[in-house]
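Visitor: I have a model open and would like to learn how to read its main features. Where should I begin?

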Amino acid sequence: MIDLQGYGPRLLQGAWVTIELGLLSLLLSIILGLLTATAKMSRSWIAHRLGTLYTTLIRGVPDLVLMMLLFFGGQIGVNMITDWLYYQFDIDIFININEFVAGVVTIGLIFGAYMGETFRGAFLAVDSGQIEAARAYGMSESLMFRRVRFPQMMRHALPGLSNNWMVLLKTTALVSVIGLTDMVRVAEEATKATHEPFTFLIPVAVIYLLIASVSEWGFARLQKRYNVGFGES
Amino acid sequence: MEQLNAWFTRLLADNEIFTAQTIGYYAHGLANTAQLVLLSLLIGLMLAVPLAIGRSSSRPWVKWPIFLYTYVFRGTPLLIQLYIIYYGVVFVDGIQDTWLWLILEKPFYPALIAFTLNTAAYTTEIFRGAIKATPKGEIEAARAYGMSQAKMLRRIVLPSAFRRALPAYGNEVIFMLHASAIASVVTIMDLTGAARFVYARFYAPFDAFLFVAAIYLCLTFGILYLFRYLEKRLLAHLKPQT
């Protein structure tokens with residue numbers, strides 16, 4: 001067994017931070033992705049343009065740069081708004097941006113753009129006869145979304161979704177650069193303290209591989225579930 | 001040149017952040033980023049072609065080690081790979097006394113090694129997919145002509161596989177450009193490094209990072225249009241006939 005020199009518990013805590021961060025930002029990115037896909041498919045000219053602008057800008061800039069912009073700029077931006085509120089309306093509030101929340105918001109915002117593209121393609125792949133049938137049954141838009149469009153869209157979206165999740169998981173490592181204590185950060189600190197890089201960094205790499213393998217298995221099961229009624233494919 | 005200089009001075013007269021000096025940092029960063037990305041892509045490409053051929057081989061002792069390599073490098077964050085190589089090199093006892101230290105002393109080379117191995121893994125998988133998608137008829141025709149395995153690869157399989165891989169490879173190039181931003185973590189003055197320096201010096205996150213984001217955006221669009229042009233030229237035979 002490898003000697004983690006007392007860093008074991010902290011490494012596990014870091015792993016938990018990574019998993020939490022990954023899952024929460026996945027949730028946020030799915031919500032944002034659904035909104036973006038809807039905006040991009042809408043007949044409204046402004047919504048379409050806004051959706052396109054969002055996906056283009058986010059996908060054209062490195063994750064780390066966006067993260068630093070939102071992380072370092074976020075607090076200053078919030079302070080500016082609260083200062084303005086104070087001078088204009090005499091409302092005195094102070095909002096301190098929590099690192100974890102900032103991390104979730106940034107990663108969610110970045111991957112919302114990728115999810116938007118995935119979902120848009122998937123929504124367009126749903127057979128239009130299904131939607132016509134739902135209309136003919138007199139379903140409302142929300143009921144139709146819940147019972148027809150969403151379940152059938154997921155079948156097409158899952159491969160892209162699982163791909164995005166794998167990239168997202170690896171992107172969470174970047175939060176260590178801006179001060180969140182995930183497992184990469186713990187491993188880096190331990191490396192600097194003990195001068196033994198492989199003892200800490202290789203276990204962290206193995207944990208990433210493990211999470212990836214488990215999610216691959218999970219996505220395969222989901223795919224099977226959403227493929228019900230379509231045979232093997 | 002002097003006119004350009006004068007124009008710059010006038011343009012930048014009213015702000016404290018974007019002086020000729022900081023613009024110089026960004027230019028230096030751009031040069032570093034371009035070097036790092038282009039070199040790693042080039043070496044990675046040269047590694048990926050034989051690896052992809054090996055990965056498509058039917059011999060298990062050729063196929064599985066390459067699969068393991070691509071699985072590990074695609075399944076872990078690039079940052080971890082960078083740390084392992086960077087710190088691994090720095091903290092290994094005795095390496096400081098050998099000739100290798102002359103090269104590895106600068107953070108540029110560990111970063112280059114990490115980026116190269118990473119992009120080689122992704123590119124291998126892209127090429128493997130393209131090789132696997134070769135139409136069976138083409139291979140049968142090559143066999144019927146009595147071509148040797150090597151000749152068939154050279155004349156039939158690889159040329160069409162490269163074409164099929166082009167769109168996915170374009171994505172990989174953009175991915176690599178964006179991934180190179182983490183070079184700044186190991187003290188390399190790349191584009192992001194320059195932005196971090198300007199941020200730290202003036203405490204102006206919006207100016208520093210929005211400017212660098214705009215540069216990255218331009219580079220991304222440049223690559224996008226280059227590959228679109230290449231696809232138009234090289235994949236013309238696949239376009240729907242009208």
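Guide: Begin with burial: a residue counts as buried if 20 or more other C-beta atoms lie within 10 Å of its own. This is a predicted model, and in chain B buried residues make up 35% of the 242 residues.

Visitor: How many helices and strands does chain B have?

Guide: Chain B has ten helices and zero strands. Read from the N terminus, the order of elements is α-α-α-α-α-α-α-α-α-α. The radius of gyration of chain B is 22 Å, well over the 18 Å that the globule rule gives for 242 residues, so chain B is more spread out than a compact globule. Along the principal axes, the C-alpha trace of chain B spans about 75 × 60 × 30 Å.

Visitor: What share of the contacts in chain B with a separation of 6 or more is between residues 24 or more positions apart?

Guide: Such pairs account for 78% of those contacts.

Visitor: How should I read the contact between the chains?

Guide: The size of an interface is often given as the accessible area lost when the parts come together. Here one can count residues instead: 28 from chain B and 27 from chain A take part in the contact. On the side of chain B that touches chain A, the elements giving two or more residues are α3 (60-75), α4 (78-91), α9 (191-202) and α10 (205-234) of chain B.

Visitor: Which element gives the largest share of that side of chain B?

Guide: α10(B) does, with ten residues. By type, the residues on the side of chain B that touches chain A are 22 nonpolar, six polar and no charged.

Definitions and conventions. Residues are numbered from 1 along each chain as its sequence is written. Chains are lettered from A and ligands numbered from 1 in the order in which they are written. This is a predicted model: local features need pLDDT of at least 70, side-chain atom pairs count only at pLDDT 80 or more; totals for chains, interfaces and linings use all residues. Helices (H or I, at least four residues) and strands (E, at least two) are DSSP runs, numbered from the N terminus. The radius of gyration is taken over C-alpha atoms; the globule rule is 2.2 Å times the number of residues to the power 0.38. A residue is buried if 20 or more other C-beta atoms lie within 10 Å of its own, exposed if 12 or fewer, and partly exposed in between; C-beta atoms are placed from the backbone. Two residues are in contact if their C-beta atoms, placed from the backbone, lie within 7 Å. Ala, Val, Leu, Ile, Met, Phe, Trp, Tyr, Cys and Pro count as nonpolar, Asp, Glu, Lys and Arg as charged, and the others, Gly among them, as polar.
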